[in-house]
Amino acid sequence: MNVEIRFLDAIEAASHLDALVELLRDSVDNGASVGFLPPLEAAEARAYWQGVMAELASPSRGLALAWVDGKVAGTAQLVEADKANARHRAEVSKVLVHSSFRRRGVGAALMRAVEARARARGKSTLVLDTREGEPSEQLYQSLGWIRVGSIPQYAEIAGGVLVPTVVYYKLLGDSGR
């Protein structure tokens, strides 16, 4: 399967707004714990992506979009820290793969692209979190991410249940510092 990944600016991202809305809704409605509860309304998803697009004006946020056969298959974000003592690190967030493309290498391709961008921007430490027990844990571990530990009762899922999240990090090596 051929996965094409590009980082988008705000104008390019806006041209894919409907596909991004559908991707977020599909992900949340299929169990992704990314800050929303199912069923996710289109207006809430649209407002989220419009906020991301506003933040893309800053070079500290990167939005990667993955396509398979011309269809939007997934996305991931790199959010760089801006504090003086943290400029060497960034957070990977909102790694989403449409349910029809899962377990086909899209997530791994997105992660490799985000890591490459982080290296190119001089980042040496990456962090992320994911709901404990999710298949994403296997993906992150297979790509060399290190599990730090879990935080109980971190996120709410459907039905009001509180579930733990797991924190991961990856050191990218010498990034010129």
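1. Are F36 and Y48 buried or exposed? Both are buried (under 20% relative accessible area with a 1.4 Å probe and protein chains only; exposed is over 50%, partly exposed in between). W49 is buried too.

2. This is a predicted model: local features need pLDDT of at least 70, side-chain atom pairs count only at pLDDT 80 or more, and totals for chains, interfaces and linings use all residues. Numbering starts from 1 along each chain as its sequence is written, and side-chain values use heavy atoms, with hydrogens and water left out.

3. Helix α2 covers residues 17-29 and helix α3 residues 42-55. Their axes come within 9 Å and cross at roughly 120°. That makes α2 oblique to α3 (angles under 35 degrees are roughly parallel, over 145 roughly antiparallel, 65 to 115 roughly perpendicular, the rest oblique).

4. The α2 side of the contact (heavy atoms within 4.5 Å) is L17, D18, L20, V21, L24 and R25. From α3 come A42, A45, R46, Y48, W49, Q50 and M53. By class, the contact has nine nonpolar, one polar and three charged residues.

5. The structure holds four aromatic pairs (ring centres within 6.5 Å; planes under 30 degrees apart are stacked, over 60 edge-to-face, the rest tilted). The rings of F36 and Y48 have centres 5.5 Å apart and planes at 80°, so this pair is edge-to-face. F36 sits in the loop between α2 and α3 and Y48 in helix α3, so the pair ties together parts twelve residues apart in sequence.

6. Y48 also pairs edge-to-face with W49, at 5.0 Å centre to centre and 70° between the planes.

Key
Axes are lines fitted to C-alpha atoms, for helices over the stretch in contact, and angles run from 0 to 180 degrees between N-to-C directions. Helices (H or I, at least four residues) and strands (E, at least two) are DSSP runs, numbered from the N terminus. Ala, Val, Leu, Ile, Met, Phe, Trp, Tyr, Cys and Pro count as nonpolar, Asp, Glu, Lys and Arg as charged, and the others, Gly among them, as polar. Rings of Phe, Tyr and Trp (its six-membered ring) pair if their centres lie within 6.5 Å; planes under 30 degrees apart count as stacked, over 60 as edge-to-face and the rest as tilted.
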